[in-house]
Amino acid sequence: MKAARIHAYGAIDDIRIEDVPEPVPGLDEVLIRVEAAALNPMDNKLLAGYLRDFFPLAFPYTLGTDLAGTVVATGPLVATVRPGDRVIARTDPAGGGAFAELAAVPARLVVPVSADLPLASLAGLPTAAASAWQALFEAAAVQPGQSVLIHAGAGGVGSFAIQLAKRAGASVTATASAANLDLVRSLGADEVIDYRNQDFTAFAGAVDLVIDTVGGETLERSLGIIRPGGKLIGLSAPFDTEGPKARGIDAQFLFHESDAGRLAAVAALAADGRLHSVIGQEFALASTVEALRSLSKGGARGKTLVRP
């Protein structure tokens, strides 16, 4: 089969599309024929070695964590899915394997999905939608009537966070580029801010919660518009949380952890038409280098996919 692999930590141009043996599922693993795999910023960080202390890679390493596909075979201890089932999964980042024609994934990370939706549209759920869910409902415990500012509302996490926050009864303000303002409105944002031409600190007002996937200066400036007792959830990179706490703000860095129950919850919303995926770009597996290079430039609309 074809797979996008690296043989050492390095740069995007070090990725090679190689012919490799098809994986054989272990006792508790599921072999999935990949319909589509979604890119995440973590893919580039893993490639560069920035996360080696958390996710040490064994080389050669097949990139990718998020996938949607069809079960081909299962190990003898697997009872949750069977061949022919449509599924989504987020692999262990240290194991990777999604950017390939076939992937062997532990059954505990595999979630069956509805037959009513195109599989490719579900490939972006495992990290982006599940991260938005984790941020809003587990870390922030968002409540009806609260005001929420979501940065990068047209991005992978942001596009799902807008929808989930609205479903929770919150009032949502989202930042986006001018080209994506109509998109974030269509996802449910009550107010939209063109971050390139407008100062969100002047438009957002005092808010109860900020969901930030940008980091840096955007995160720092967000602290000034959060009410005392409010919360800031940052997903981009670890940051100082003690300073905000001294100002009465509950600031947390959210490190996304795979959870099949959480993923099943977002998959159920998608199946019912209550959660929609925004697919920005699709690339062939052979163009994985081009796909990751595009992602690294930032400003991606929704999810970027590679398809075998």
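Guide: Let's start at Gly-234, whose bridge partner in strand β14 is Phe-253. This is a predicted model, in which local features need pLDDT of at least 70 and side-chain atom pairs count only at pLDDT 80 or more, while totals for chains, interfaces and linings use all residues. Residues are numbered from 1 along each chain as its sequence is written, and side-chain values use heavy atoms, with hydrogens and water left out.

Strand β13 covers residues 226–234 and pairs with β14 in the parallel sense, over four bridges. Strands (E, at least two residues) and helices (H or I, at least four) are DSSP runs numbered from the N terminus, and two strands pair if DSSP finds at least two bridges between them. In general, strands of a sheet pair through backbone hydrogen bonds, parallel or antiparallel.

Now step back to the whole sheet. It is an open sheet of six strands with parallel pairing, in the order β11-β10-β9-β12-β13-β14. At its edges stand β11 (191–194) and β14 (250–253), each with a single partner strand, so one side of each has no neighbour in the sheet. From one strand to the next, the twist averages 15° (axes are lines fitted to C-alpha atoms, for helices over the stretch in contact, and angles between N-to-C directions run from 0 to 180 degrees).

Strand β9 (147–150) has loops worth a visit on either side. Ala-141 sits in the loop between α3 and β9, and its phi is near 50°, a positive value in a residue other than glycine. In the loop between β9 and α4 (156–167), Ala-152 also has a positive phi, of about 55°. Most residues other than glycine have a negative phi. Ala-141 is partly exposed at 34% relative accessible area, and Ala-152 is partly exposed at 27% (buried means under 20%, exposed over 50%, partly exposed in between, with a 1.4 Å probe and protein chains only).

On a 1 Å grid over the protein atoms alone, a cavity is a set of points where a 1.4 Å probe fits but cannot get out; a pocket is an open set with protein on both sides within 12 Å along at least five of seven lines; lining residues have an atom within 4 Å of a point. The search finds one cavity of 30 Å³ or more, and the largest cavity holds about 60 Å³ (grid points are joined across faces, edges and corners, and a volume is the space filled by probe spheres set on the points). Among its lining residues are Arg-90, Pro-126, His-256, Asp-259 and Leu-263. The lining divides into five nonpolar, two polar and two charged residues (Ala, Val, Leu, Ile, Met, Phe, Trp, Tyr, Cys and Pro count as nonpolar, Asp, Glu, Lys and Arg as charged, and the others, Gly among them, as polar).

The second largest pocket, of about 210 Å³, has 13 lining residues, and those closest to its centre are Met-1, Pro-23, Thr-62, Gly-97 and Ala-104. Strand β7 (residues 102–106) gives the largest share of this lining, three residues.

One last stop: a cis peptide bond joins Phe-59 and Pro-60, with omega about -5°. Pro-60 lies in the loop between α1 (41–48) and β4 (61–62).
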